[in-house]
Structure formats: structure tokens, C-alpha cells
Amino acid sequence: MWCAPAPAVDTLIGRNPPSSDPWRLFGTYALDIRENDKGSAVIDRNRAGILRGAESKLADGVIDTNQHKIIQSMAAEASLDEFQPLFMVIPYDRAVSKQLVEKADIGVRARVTSDEYIIRNLPRDDFEVWS
Amino acid sequence: MASLNTLLADKPRHIVLEAMYLASHELTCSTRLDVNSVLQNKALDSDAAQAAIALAGEIIGWFVATEGKALDEFDDKDRTALAQKLSGYRLHHLVDRSPDVQNEARRLLDQWAAEAA
């Protein structure tokens, strides 16, 4: 899971680039869904990301081949109105104390100065959902 | 000019999936892709990851050539056109469409919708 503070922080510009700014990402998804944009490129990117994530979780042994097939089918065939943007609100200090958080390397950040984190496994007790 | 199907044919499934994700990311975020700027997918070894990045570049290059304009000149309509081509290919070539899988996927989606209502 790719994470950034909301509002996002870039040490030089004051705002992360669009691809790592939670508010802007939420707004882009919400707008395309609300306007019923069936050709939404960002929703398609989201489908592609779910398929990619399923490949990774299969390789890690987190899901089995049957679950992998079903997740991919759901991601590929879900209609636009079955998508809903949401925030996963993660208390930073607690996540850090549990050693869940990796600081994204400079090379993989959307911009070298933006504040971005990676959480590979997030227990359900360590986040709240807001949509 | 070759079609998207021709471009992706005979490539390993896991590399095509990764390449399509990377291409859609570049398409919507204007993020230039190189080996050092992509968080590696654990499903791929480093050679496969590099092959996926190269294939993503081919996909974008193919569409830029098809449209006859640079990627940074694409508008929403252009991005939608490529997204639909990628989505169609994924659905017909990369996802299991057997009735059992589709029925279970549909059941879960309906269940979630009912829970959210």
C-alpha cells in the first residue's frame, strides 16, 4: 500500500504530485464515478493495479490460485458504479511503532521531495475507513 | 501498424499484466518509467520487471504512433481510448472467464453492494 500524509507534504513545493496526493486521488476517482465516466482512465488504472496486487499476493502466498482468479475477475468485470473511493486513515505513530512503515526510496517517489510511505501489510485494527 | 494484440501476443502473462499497469500509470500520471523509478512487484524477478517496463514503453509508443501525437499532448479522450483498449485486452486475454469464477465474482460484488446499501 502506497501512503502519503493528507494533506500531502512536499518539502519544497508544499504539495505532493497528483499521483501521490491522497486528496487529489480521492477527488479524481470520485469525480469520474459521480459523472459516470465509463471510459475513465484512472478507474482502468485502478483495475490494473488490483490485478497487479493480486499477482504479488499470489506470489507471496497470501492468497491461493482460486482467490486470485476471483479477485482478478471482480476487478476486470466490476461496473463503474461498483467502485467507490475511500480513505484508509492510518495513525502514523502507531504504524511506526509496529514497524509497519517503510519510507519510500527517493527513486520511486512521485517527486524526490514528496513525503511517501509504503505499508506492505496493514492489520485491520490499524486503520479506519472514510469515504 | 501492428495491433495491440500483436504487440502483446506470445509475451508471458505476468509481464503483460505488469506492463499494462505501468502503461496505464504513465498514461494517467505522466510518470516516466525507468527501472529505478518503479517499485518492483514481488511477483516478478528483476529481469521480468525490466521486460515489463520495456513492454510498457512499447505500448505507450504504439499508441503515440497510432494517435500521431506526443503523450503529453493527449487529452482525456485519448487516454480513455487507450484505457479501453487495455481493458478489453485484459478482460479477453488475461482474466479467467470460466462460469464458476465469474459467478463467484458476481456473487461477491453483489454481496458487497448489498452490505453497502
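The model is a prediction in which local features need pLDDT of at least 70 and side-chain atom pairs count only at pLDDT 80 or more, whereas totals for chains, interfaces and linings use all residues. Residues are numbered from 1 along each chain as its sequence is written, chains are lettered from A and ligands numbered from 1 in the order in which they are written, and side-chain values use heavy atoms, with hydrogens and water left out.

Glu116(A) lies in the loop between β3 and β4 of chain A, strands being DSSP runs of E of at least two residues and helices runs of H or I of at least four, both numbered from the N terminus. With a relative accessibility of 1%, Glu116(A) counts as buried (under 20% relative accessible area, 1.4 Å probe, protein chains only). Its side chain is joined to that of Trp2(A) by a polar contact of 2.7 Å, a term that denotes a pair of N or O atoms within 3.5 Å, of which, within protein, one must be able to donate a hydrogen and the other to accept it, residues adjacent in sequence counting only if both atoms are side-chain atoms.

β3(A) and β4 (residues 117-119) of chain A run antiparallel and are joined by three bridges, where pairing requires at least two DSSP bridges; Lys103(A) has Tyr117(A) as its bridge partner in β4(A).

Between the chains, 30 residues of chain A are in contact with 39 residues of chain B. The buried area (accessible area, 1.4 Å probe, lost on putting the two parts together and summed over both) is about 3,000 Å², with carbon and sulfur atoms giving 62%. In chain A, Arg45(A), Arg52(A) and Met74(A) lose the most area to chain B, together 22% of what that side buries. Six salt bridges are counted between the two chains (a side-chain nitrogen of Lys or Arg within 4 Å of a carboxyl oxygen of Asp or Glu), including that of Arg90(B) with Asp44(A), whose closest N and O atoms are 2.6 Å apart.

How values were computed. Contact = heavy atoms within 4.5 Å. Buried < 20%, exposed > 50% of the residue type's maximum accessible area, 1.4 Å probe, protein only.
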